[in-house]
Amino acid sequence: MPLLRVGLHLVLADGWATLSHGQIPAFADPDGFMSGNLVRRGVKIFASRRIRRQLEAEIRAQFAAYRRSGLSFDHVNVHKHFHLHPDVLTVLLSVARDYGVRAIRVPQEPLWFSRVHGAWHAALGGALLIPLVELMKHRLRAAGIFYNDRLFGIANSGSMDEARLLSVLAKLPAGVTEIYLHPAKQAMGGIAVSMAGYRHADELSALLSARVRAALDALQVGRGSYSDAMRLPV
């Protein structure tokens with residue numbers, strides 16, 4: 001599949017580390033699992049140069065593992081959008097430059113979608129993160145990194161069904177939009193503890209929906225990957 005576009009999804013929390021516990025003791029437990037407590041982890045990264053060195057080691061290990069697959073880097077994103085953390089973004093930009101990465105996801109979901117389709121705390125959280133999002137975009141522009149204008153799927157992570165996809169398409173703004181889902185043929189709680197309630201099969205059905213395809217065709221918008229979007233005229 002030479003046209004397949006694949007991005008690297010870095011995992012720095014709520015998942016298994018690439019390096020051993022002995023190499024990154026501040027990041028992974030003895031079994032190699034990294035907890036999902038982003039606040040505690042973020043404070044430690046900010047406060048400790050030693051932990052930032054471990055952060056860089058793990059990020060580089062995941063980049064190297066991806067490179068060994070033979071796939072090209074369409075883009076990079078981070079589980080739980082943890083690259084909103086300024087120190088994580090600093091390391092990510094450094095490693096991305098070494099690997100020739102040209103696109104990074106910006107997790108900015110329009111507040112109207114979070115407010116209407118998510119819980120109230122999703123919209124509040126999105127509003128509170130606006131300063132970090134704007135700082136991220138400024139730093140990506142300065143580094144010459146391409147990024148999306150907006151993202152849909154945060155407030156409804158795991159439940160982006162047909163109705164929600166159609167609601168996004170009905171108000172699709174100009175620019176580059178990423179809509180992300182977690183499709184699978186059946187629910188698989190073992191993927192991650194945080195995905196225990198995800199409706200994987202409903203999201204797969206939404207992607208295969210004839211109504212969604214018809215809505216896209218009616219819009220006459222370009223579809224593709226970050227690599228494709230970077231080639232579009234400004």
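Colleague: Is Glu134 buried, exposed or partly exposed, and what is its relative accessible area?

Modeller: This is a predicted model, in which local features need pLDDT of at least 70, side-chain atom pairs count only at pLDDT 80 or more, and totals for chains, interfaces and linings use all residues. Residues are numbered from 1 along each chain as its sequence is written, and side-chain values use heavy atoms, with hydrogens and water left out. Buried means under 20% relative accessible area, exposed over 50%, and partly exposed in between (1.4 Å probe, protein chains only). Glu134 is partly exposed, and its relative accessible area is 35%.

Colleague: With which residue does Glu134 meet in a salt bridge?

Modeller: A salt bridge requires a side-chain nitrogen of Lys or Arg within 4 Å of a carboxyl oxygen of Asp or Glu. Helices (H or I, at least four residues) and strands (E, at least two) are DSSP runs, numbered from the N terminus. The N to O distance is 3.1 Å, and the partner of Glu134 is Lys137.

Colleague: How many residues apart are Glu178 and Arg105?

Modeller: Their side chains meet in a salt bridge, 2.7 Å from N to O. Glu178 is buried at a relative accessible area of 12%, and Arg105 is buried at 6%. The pair links distant parts of the chain: Glu178 is in strand 6 (residues 177-179), whereas Arg105 is in the loop between helix 3 (86-98) and helix 4 (111-117), a separation of 73 residues.

Colleague: What is the relative accessible area of Arg231, and is Arg231 buried or exposed?

Modeller: Arg231 forms a salt bridge with Asp228, with 2.7 Å between the closest N and O atoms. Asp228 is partly exposed at 26%. For Arg231 the relative accessible area is 58%, which means that Arg231 is exposed.

Colleague: How many salt bridges does the rule count?

Modeller: Some salt bridges form a network, linking Asp161, Arg164, Arg199 and Asp202. The count by this rule is eleven.

Colleague: How wide is the arc that puts the buried residues on the same side of helix 8?

Modeller: In helix 8 (residues 200-207), the buried residues include His200, Glu203 and Ala206. An α-helix has 3.6 residues a turn, so residues three or four places apart point the same way.
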